[in-house]
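User: Hi! Could you walk me through how to read a model like this one, feature by feature?

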Amino acid sequence: MSGGFRSYFDRNVPSIAIHSLFDKYDIRRAGKLDEREMKSFLEEALGLDFHQSEIYFFLLDKDGDQRISYEEFKDWLRSGERFQRLDDRSKFERVCMAYEYFKTFDTDNSGTLDRGQFELMMKYLGYHHLNMDKIFAKMNRHNNGKLSFWEFMIWLNWAPIE
Ligand SMILES: [Ca+2]
Ligand SMILES: [Ca+2]
């Protein structure tokens, strides 16, 4: 992984520096990074491979709108996470596996699980005993009826950032 950009992963980096970094990759000036823009940051600037950047995109998109907002971007850089999830191989493999399940049950390819897709996944994973309404409501922190991968990872305690 390349060195220079790692210096952005610091609580003391001024907001203005983070903002200019964000703006640099916000090619379409939408105020949010789409999947392509965020991946180009992760791959070109940070040296992630294609697979790693895909997982990270989903790990950082907290609300599951398929865009990385400035807040999501900043929270991550400020978290001091520094790709812990990549450096710990076995943990990263677990996250990848969870992502594969998540994708499999996201049959409409929206990047999030609705209530029905969620229940199918949970049952497949063996969570028959849970009250699905309750657990969905609990996991769906953004309370928008769509479960993001980040919300799922928070529940499993595998998310890199809160
Ligand atoms: Ca988002
Ligand atoms: Ca879906």
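Analyst: Gladly! Let's begin with overall size: the radius of gyration is taken over C-alpha atoms, and the globule rule is 2.2 Å times the number of residues to the power 0.38. For 162 residues a compact globule would come out near 15 Å, and the protein chain has 16 Å, which agrees. Before we go on, this is a predicted model, where local features need pLDDT of at least 70, side-chain atom pairs count only at pLDDT 80 or more, and totals for chains, interfaces and linings use all residues. Residues are numbered from 1 along each chain as its sequence is written, while chains are lettered from A and ligands numbered from 1 in the order in which they are written.

User: How many helices and strands does the protein chain have?

Analyst: Helices (H or I, at least four residues) and strands (E, at least two) are DSSP runs, numbered from the N terminus. Here there are 9 helices and 2 strands, in the order α-β-α-α-β-α-α-α-α-α-α.

User: Which domains does the assignment give?

Analyst: Domain bounds come from an automatic or database domain assignment. In this case they are domain 1 (3-81) and domain 2 (85-155), with centres 22 Å apart over C-alpha atoms. Two residues are in contact if their C-beta atoms, placed from the backbone, lie within 7 Å; by that rule, 9 residues of domain 1 touch 12 residues of domain 2.

User: What does α9 pack against?

Analyst: Its buried residues are Phe149, Trp150, Glu151, Phe152 and Met153, and they pack against α3, α6 and α8 (132-139). Asparagine 157 follows α9 and has a positive phi, near 70°.

User: Is arginine 28 buried or exposed?

Analyst: Arginine 28 counts as exposed because it has 10 C-beta neighbours inside 10 Å. You will find arginine 28 in the loop between α1 (15-25) and β1 (32-33).

Technical notes: Buried ≥ 20, exposed ≤ 12 C-beta atoms within 10 Å, placed from the backbone.
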